[in-house]
Amino acid sequence: MATLTFKGGIHPYDGKELTKDKPIRNVLPKGDLVYPMQQHIGAPAKPVVKKGDRVLAGQKIAEAGAFVSAPVYATVSGTVKAIEPRRVVTGEKVMSIVVENDELYEETEAWEPLDVKRASREEIIDRIKEAGIVGMGGAGFPTFIKLSPKEPDKIDYVIVNCAECEPYLTSDYRRMMEEPQKLIDGLKVSLSLFPKAQGILAVEDNKKDCIALLRKLTKDEGRISVKALKTKYPQGAERQIIYAVTGREINSSMLPADAGCVVNNVDTVVAIYTAVHEGRPLMERIVTVTGDAIKHPCNFKVRIGTNYHELIEEAGGFRVKPKKIISGGPMMGFGVFDLDIPTTKTASALLALSSDDVSEMEPTACIRCGRCVEVCPGRVMPAKLMQAAVHGDEETFLKLNGMECCECGCCSYICPAKQPLTQTIKSMRKMQLAKKKK
């Protein structure tokens, strides 16, 4: 049905049949809620409450710590139990606000909805900023900054990333099928900021029912179109979706705005709708709880701060003892060794698998087959980059364009020698980025 795509990529088992037909279920948390101050790229948020304070759902409990930052809101009513370091999905401990849930779910008064046709550009961006909205596809970049490029008149496309190419994840799909009008109206809010831009809903063609529904609802929208993309991983990566939809290319030193584009994830766009039209800050998101070790795989509407243990319980617990638990998808998610961690703004899925194929693999010598080069969407040479990284050869790593790696995992997936290509390259990239910051 579609030919819009990019060079490279892979076709892993997608596992979406486990949850794609499972409607979203609302989950109310029972235990304590934990709100990490670092749920976004940039400076940590700063607490504006103290131990012993009573808070309401929708009340700001932490303000932005710098320009590149985002506030955090309570998602339940209760009492601030502690402000202390708590573990997050990456394994590190982050300063967090702990709220003892009183299970009354009392809310603060909502903000006044904005009339998009009458509100100024500044009013709309300030609302999105104040609502604490960040990129909910995983990156966590504050959304108001994305919507504030230096030259807004040069933005030609506002793209909604509806690809959801990561295996097992169906949270975006269910959101699109169940609340499509909120997605469309959220896109209209963004388009109001860029009068010359066209809005594009970019959906992989394994979601034909979703494409048909969105096309039906936007048939009379002159500035919005639905584009079908070839089903392939990582079709939803920012650089790849921009190229597939517009034919424009960006590299690691560029922003989407440099190519005349703004790209946001489905949940992010719905959060924009909620903030502008309903006057509510970012307090919840859709999370897919899935995998062959889960008794009843589901899609949940989850209040941010909810403990992962509670999500597993809501899904019926484990069918068998999992050998691998991942926050996110299998390609770019984080392996989790402790479920006593909170759902954050960027948590899209919780995946429990009965086997750990990666740990059981025994790497062997590279056979120079070139498959990693063939599938690399960044058009680099992963095997050579890994060799440079292993030997600490920064000069060669940079000469071979190692910073153009998007860490998608395609090379590690396809490698017949089971070399840890992505992981090794990622470590060297982190070192180079840290040096740049200094």
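Helices α4 and α7 are roughly perpendicular to each other, because angles of 65 to 115 degrees count as that, those under 35 degrees as roughly parallel, those over 145 as roughly antiparallel and the rest as oblique. Helix α4 covers residues 180-192 and helix α7 covers residues 266-277; they pack at about 75°, with their axes 8 Å apart. Axes here are lines fitted to C-alpha atoms, for helices over the stretch in contact, and angles run from 0 to 180 degrees between N-to-C directions. Helices (H or I, at least four residues) and strands (E, at least two) are DSSP runs, numbered from the N terminus.

On the α4 side, the contact uses Lys-182, Leu-183, Asp-185, Gly-186, Leu-187, Val-189 and Ser-190. On the α7 side, Val-266, Val-269, Val-270, Ile-272, Tyr-273, Val-276 and His-277 take part. Contact means heavy atoms within 4.5 Å. The residues of this contact divide into nine nonpolar, three polar and two charged. In this scheme Ala, Val, Leu, Ile, Met, Phe, Trp, Tyr, Cys and Pro count as nonpolar, Asp, Glu, Lys and Arg as charged, and the others, Gly among them, as polar.

The model is predicted: local features need pLDDT of at least 70, side-chain atom pairs count only at pLDDT 80 or more, and totals for chains, interfaces and linings use all residues. Residues are numbered from 1 along each chain as its sequence is written, and side-chain values use heavy atoms, with hydrogens and water left out.

Helix α7 also packs against α3, at an angle of about 45° and with the axes 9 Å apart. That angle makes α3 oblique to α7. Asp-172, Arg-175 and Met-176 of α3 meet Val-266, Asp-267 and Val-270 of α7. The residues of this contact divide into three nonpolar, no polar and three charged.

Now to the strands. Strands of a sheet pair through backbone hydrogen bonds, either parallel or antiparallel. Two strands count as paired if DSSP finds at least two bridges between them. Strand β13 (residues 284-290) has six of its seven residues buried. Buried means under 20% relative accessible area, exposed over 50%, and partly exposed in between (1.4 Å probe, protein chains only). β13 runs antiparallel to strand β14 (residues 298-303), joined by six bridges. With strand β17 (residues 349-353), β13 pairs in the parallel sense over three bridges. Val-289 shows both pairings: it stands opposite Cys-298 in β14 and opposite Leu-350 in β17.

Ala-352 lies in β17. Ala-352 counts as buried because its relative accessibility is 1%. Leaving aside residues up to four places away in sequence, Ala-352 touches Thr-290, Gly-291, Asp-292, Ala-293, Ile-294, Phe-318, Pro-322, Lys-324 and Ile-325. Val-336 is 16 residues away from Ala-352 along the chain, and their C-alpha atoms are separated by 9.7 Å.

Another parallel pair is β10 (residues 198-204) with β11 (residues 224-229), joined by six bridges. Leu-201 stands opposite Val-226 in β11. In the loop between β11 and α6 (238-246) sits Pro-234. A cis peptide bond, with omega about 0°, joins Tyr-233 to Pro-234.

An open sheet of three strands has the order β3-β5-β6, with antiparallel pairing. Its edge strands, β3 (46-47) and β6 (72-73), each pair on one side only. Two bridges join β5 (residues 60-63) to β6. There, Ala-62 has Val-72 as its bridge partner.

Glu-164 is not a glycine, yet its phi is positive, about 45°. Glu-164 lies in the loop between β9 (157-161) and α3 (171-178), and counts as buried at 8% relative accessibility. Arg-368 also has a positive phi, near 55°. Its loop runs between α9 (357-360) and α10 (371-375). Arg-368 is exposed, with a relative accessible area of 69%. Gln-419 lies between α13 (410-414) and α14 (421-437), in a loop. At 17% relative accessibility, Gln-419 counts as buried. Beyond four places in sequence, Gln-419 touches Pro-363, Thr-364, Ala-365, Cys-366, Met-386 and Ser-412.
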